[in-house]
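Dear colleague,

I am handing over the structure we spoke about, and below it you will find notes on what turned up in it. Please read them with the model open beside you.

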Amino acid sequence: MKDYSSTALRSVAVIGHGSVGKTSLCDAILYAATAVDRLGSIADGTSVFDFTQESRDRKQSLSASIGICEWKDFKINIIDTPGFADFYGETISSIAVSDGALLVLDGGAGVEVGSLQTWGFASRASLPVLIWAGRLDKENSDYSRVLIKAREALNRKVMPVTVPLRSASGGFGGVYDLIADKAVDAKGAPATVGAADRERIEAWKRELVEAVAETDEALMESFFANDTLSPEEMDRGLKAAVAGRQIFPLLAGTSTPPCGQEFLLDSFIRLLPSPVDRRPEAEADGGSGSVVPPDPAGPFVARVFKTTIDKHVGDMVFFRILRGGIEGTVDVQNSTRSATERLGSYFFVSGSRRVDASRLVTGDIAAAAKLKVSSTNDSLCDRQKQLVLKPISFPEPVYRAAISPKKRGEEDKMGAGLSKLTSQDPTIIFRNEAEIGQTTVSGMGEQHLATMLARLKDIFGVEAELSKPRIAYHETISKTASGQYKHKKQTGGRGQYGHVFMRVEPRPRGQGFEFSSEVVGGTVPTKFIAAVEKGVLESLDNGPISGSRVVDLKAVVYDGSSHPVDSSDMAFKLAARKCFKMLMLQAGPQLLEPVMTLEITVPEEFMGDVIGDINSRRGRIQGMEAEGGFQIIKAMAPQAELYQYTSSLRSLTQARGSFTASFSHYEPVPREIQERIMSETTQEEEEE
Ligand SMILES: Nc1nc2c(ncn2[C@@H]2O[C@H](COP(=O)(O)OP(=O)(O)OP(=O)(O)O)[C@@H](O)[C@H]2O)c(=O)[nH]1
Ligand SMILES: [Mg+2]
């Protein structure tokens with residue numbers, strides 16, 4: 001492949017709802033640009049982008065995949081992204097390294113929940129967005145309706161730039177480019193516009209010119225003076241408006257068979273900013289607080305956005321060069337991990353194919369092999385000019401499960417595999433949770449974790465299984481209680497003697513534990529007070545209701561007695577422990593459970609079902625808001641009721657609902673549940 005300068009590069013993340021036709025479109029783009037001889041197909045398993053066995057088997061994209069094409073002296077990196085919410089991690093990181101996003105909508109359904117979510121990711125990254133109304137060959141499709149929906153749900157300034165033509169029978173008849181004034185028929189061959197389409201086209205053209213004029217004062221004046229804009233003014237004005245997210249061009253076409261991709265390729269070049277015009281990247285907090293402008297002549301900076309682990313070909317790290325460039329073998333700094341990496345074996349990747357690269361410039365995307373420590377979200381930079389980039393922020397994974405190896409003794413092997421997989425995929429988090437005595441793993445959904453288990457087995461040879469995690473209950477008291485306990489044993493030789501009077505008092509939620517002594521006159525000798533405190537502290541890990549952590553109370557030792565020979569630290573510790581447990585049970589013990597805040601986004605029609613379901617999970621609805629045809633439900637619900645909620649919500653909403661969850665606070669569990677848990681705990685204790 002020939003060398004391209006930064007201004008002749010474009011990287012586009014193709015995003016959208018699941019199964020909307022993103023990968024098919026990406027294949028059609030490569031075909032239109034003659035980067036491939038044959039059109040890749042999902043059905044035949046010949047897609048350039050869905051090349052992994054996993055994605056072929058499932059006919060679904062599970063990770064981001066890059067395809068390269070050359071078009072009119074430009075090099076275009078097409079990044080196909082997953083549409084299924086479980087795999088959004090790679091969608092978000094692809095957006096972070098692109099010059100623009102192409103949001104794919106279905107010509108029939110228009111804006112779906114995944115369209116809104118991925119649009120949101122692009123908005124958060126301030127990325128220019130082009131929109132593709134696809135699958136227009138399907139009977140229920142309607143470009144005008146897609147336009148209306150996109151304006152309602154996404155942005156008022158969605159403006160048609162390429163539009164469908166009608167066939168003689170009234171179906172899809174090809175595409176017309178409003179800027180180039182060119183048409184193709186449904187098979188992609190040059191065509192002319194029939195009288196039936198003329199009028200609509202003129203109206204859309206006029207609307208586009210007006211919209212561009214509105215974005216800039218000088219253009220507005222010119223428009224008033226001439227009642228139109230010159231082609232040069234249109235080009236410049238539209239490009240600036242797209243870069244500034246003032247206009248979102250809507251394009252039309254089909255992918256099977258392909259139609260409209262040449263106009264789309266033209267639009268990438270014409271409408272998206274070049275890498276040197278891209279908004280500067282920010283440095284992480286604690287850096288010089290400044291930004292990194294995309295200067296091709298500056299010191300090298302790159303962002304790692306994807307890592308693949310492959311036991312046959314080795315690990316690969318994908319990155320975008322944000323400033324400067326490299327040629328030949330270079331030592332760079334991984335500033336995130338404070339390590340030097342040798343960039344020697346680097347190349348471009350198109351599908352599963354490696355393409356030689358002798359040099360890399362600002363704005364391009366490449367992959368490197370044989371790196372030692374680098375993985376997703378790391379910063380690579382010039383060793384003389386080190387900085388850390390503000391990391392890409394990923395959603396909090398909401399699907400949490402306990403994980404354990406199927407074979408005993410493989411815990412360490414599993415841990416090593418998991419830590420490698422989580423460094424590759426920041427939307428998987430695993431933790432050793434001491435409080436519940438389990439290793440847990442959180443991901444974006446059931447499928448996400450299932451894929452992770454498959455990789456764990458495939459790459460690391462560990463079979464693991466998931467289960468419902470224990471709940472990290474807390475225990476506290478609701479009233480004050482006081483009493484005494486005497487630990488006294490006289491068995492031959494030296495005896496044991498410890499005697500304490502204690503009081504326990506509730507403290508406000510979140511205030512934690514406090515110990516104090518009100519002993520006067522040395523009834524408990526000062527040297528044993530620490531032992532009393534220790535005894536109580538030891539009891540805090542193992543509350544009397546469920547063996548959980550005890551919180552939010554005060555324990556006061558106020559009296560006692562001792563024996564000159566038989567008293568010891570041990571005896572006082574034991575007395576304190578027994579006394580504390582006894583008092584907790586008298587002080588209205590209360591089991592607290594973690595409660596989560598939920599934000600659930602669903603189409604209006606499913607709202608009733610979703611609210612009903614939340615109520616049945618002991619949840620409380622806090623409020624509702626309408627946004628772009630969707631309802632956002634804010635609610636609180638106990639964590640114990642939310643295991644596998646991701647899956648339930650999907651089945652309740654035909655996969656059109658989504659949610660985020662975060663820990664909110666601890667709250668008393670209802671009496672009958674506390675009693676059940678308490679009797680289960682006593683049973684376990686008796687069995688032991
Ligand atoms: N009729 C018609 N079907 C299409 C068109 N484009 C794609 N499809 C079909 O839509 C289905 C989904 O296509 P994909 O390209 O896998 O969709 P995707 O958005 O990549 O799916 P995910 O990656 O899983 O989110 C496939 O059956 C395609 O054949 C089109 O232009 N017309
Ligand atoms: Mg796909």
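Two strands are said to pair if DSSP finds at least two bridges between them, and strands (E, at least two residues) and helices (H or I, at least four) are DSSP runs numbered from the N terminus. This is a predicted model, in which local features need pLDDT of at least 70 and side-chain atom pairs count only at pLDDT 80 or more, while totals for chains, interfaces and linings use all residues. Residues are numbered from 1 along each chain as its sequence is written, and chains are lettered from A and ligands numbered from 1 in the order in which they are written.

Strand β5 (residues 129-134) runs parallel to strand β11 (residues 248-252), to which 3 bridges join it, and Ala133 stands opposite Ala252 in β11. Strand β4 (residues 100-106) is also parallel to β5, with 6 bridges between them, and Asp106 stands opposite Gly134. Of the 6 residues of β5, 6 are buried (20 or more other C-beta atoms within 10 Å of a residue's own, C-beta atoms being placed from the backbone; exposed means 12 or fewer, and partly exposed in between). Val129, Ile131 and Ala133 point one way from β5, whereas Leu130, Trp132 and Gly134 point the other way.

Elsewhere, Ile459 lies in helix α11 (residues 446-460) and counts as partly exposed because it has 14 C-beta neighbours inside 10 Å. The C-alpha atoms of Ile459 and Ile309 are separated by 7.8 Å, although the two residues are 150 apart along the chain.

With best wishes
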